[in-house]
Amino acid sequence: MDSPEVTFTLAYVVFAVCFVFTPTEFHSAGLTVQNLLSGWLGSEDAAFVPYHVRRTAATLLCHSLLPLGYYVGMCFAASEKRLYSPSQAPETWRVFLLLALTLPTIACTLIYYWSRDRWAHHPLARTLAHYAFPQSGWRAVASSVDTEFRRIDKFATGAPGARVIVTDTWVMKVTTYRVHVAQQQDVHLTVTESQQHDLSPDSNLPVQLLTIRVASANPAVPAFDIRRAQWSPPSSKHLVQAELHGVW
């Protein structure tokens with residue numbers, strides 16, 4: 001490959017990986033879906049559930065466009081391949097273009113399905129619907145979640161792509177493409193993994209990294225894993241599991 005093609009490929013791969021996994025430098029520079037589309041997404045503090053319904057949809061669409069962005073960039077970086085004219089491009093690149101167009105098409109189709117009936121088919125809305133009373137709908141539950149999230153006594157920790165939020169009623173995990181929600185009174189917490197580290201980077205105490213399975217009593221609500229650091233003397237999984245129910 002020619003030098004411009006190699007240079008662009010390496011630069012785009014680095015950009016794509018950072019755009020998807022968003023390191024601290026990208027957050028500081030504002031190169032995130034949340035910042036670029038902040039005007040449409042609204043405020044997380046004002047409306048937690050509507051914000052993340054839109055954010056997950058926008059993130060899925062933006063990430064699905066990355067292969068197409070690479071193809072467009074290669075039209076300029078490797079102009080001799082005539083990629084701007086698919087009928088004259090090499091067969092490998094025509095297959096890549098087909099894939100690059102298929103991904104956003106699938107994403108748009110899925111987002112359209114989610115948005116029907118005012119986003120009632122979105123995974124977050126469907127999860128909240130399991131906690132709704134027969135005479136109400138998922139929006140009533142979403143309003144309760146929004147209200148509790150605005151309170152200052154909530155617990156929130158973790159990186160942007162794996163945040164854990166605990167309110168008076170809810171345990172939530174916010175990931176890149178999904179928000180997991182479970183009602184505290186219905187969950188069963190199980191420590192599935194425990195890793196012992198001699199020293200924590202933030203203190204001189206031993207630290208345990210716990211992987212905790214949050215499973216709802218309602219089988220229709222998907223279970224999810226969260227990670228928690230414990231700065232305390234080593235303890236057994238059973239003791240830690242008992243402590244977690246007391247804390248949360």
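This is a predicted model: local features need pLDDT of at least 70, side-chain atom pairs count only at pLDDT 80 or more; totals for chains, interfaces and linings use all residues.
**View 1. The protein chain as a whole.** The protein chain contains ten helices and seven strands, taken as DSSP runs (helices H or I of at least four residues, strands E of at least two) and numbered from the N terminus. Of its 248 residues, 38% are buried, meaning under 20% relative accessible area with a 1.4 Å probe, protein chains only. Contacts (heavy atoms within 4.5 Å) between residues at least 6 apart in sequence join residues at least 24 apart in 49% of cases.

**View 2. The largest nonpolar core.** A nonpolar core is a set of buried Ala, Val, Leu, Ile, Met, Phe, Trp, Tyr and Cys residues joined through side-chain atoms within 4.5 Å. The largest one has 35 residues, of which F48, V49 and L128 touch the most other members. Helix α9 (residues 138–149) supplies the largest share of this core, five residues. Another core, of 20 residues, lies apart from it and includes V33, A58, L66 and W93.

**View 3. Surroundings of V49.** Beyond its neighbours within four places in sequence, V49 contacts L124, L128, W138, A142, V145 and D146.

View 4. Residues 60–79 are 85% helix and 0% strand, with end C-alpha atoms 30 Å apart. Residues 95–114 are 100% helix and 0% strand, and their end C-alpha atoms lie 29 Å apart.

**Notes.** Residues are numbered from 1 along each chain as its sequence is written, and side-chain values use heavy atoms, without hydrogens or water. Local features need pLDDT of at least 70 and side-chain atom pairs count only at pLDDT 80 or more, whereas totals for chains, interfaces and linings use all residues.

Conventions: Buried means under 20% relative accessible area, exposed over 50%, partly exposed in between (1.4 Å probe, protein chains only).
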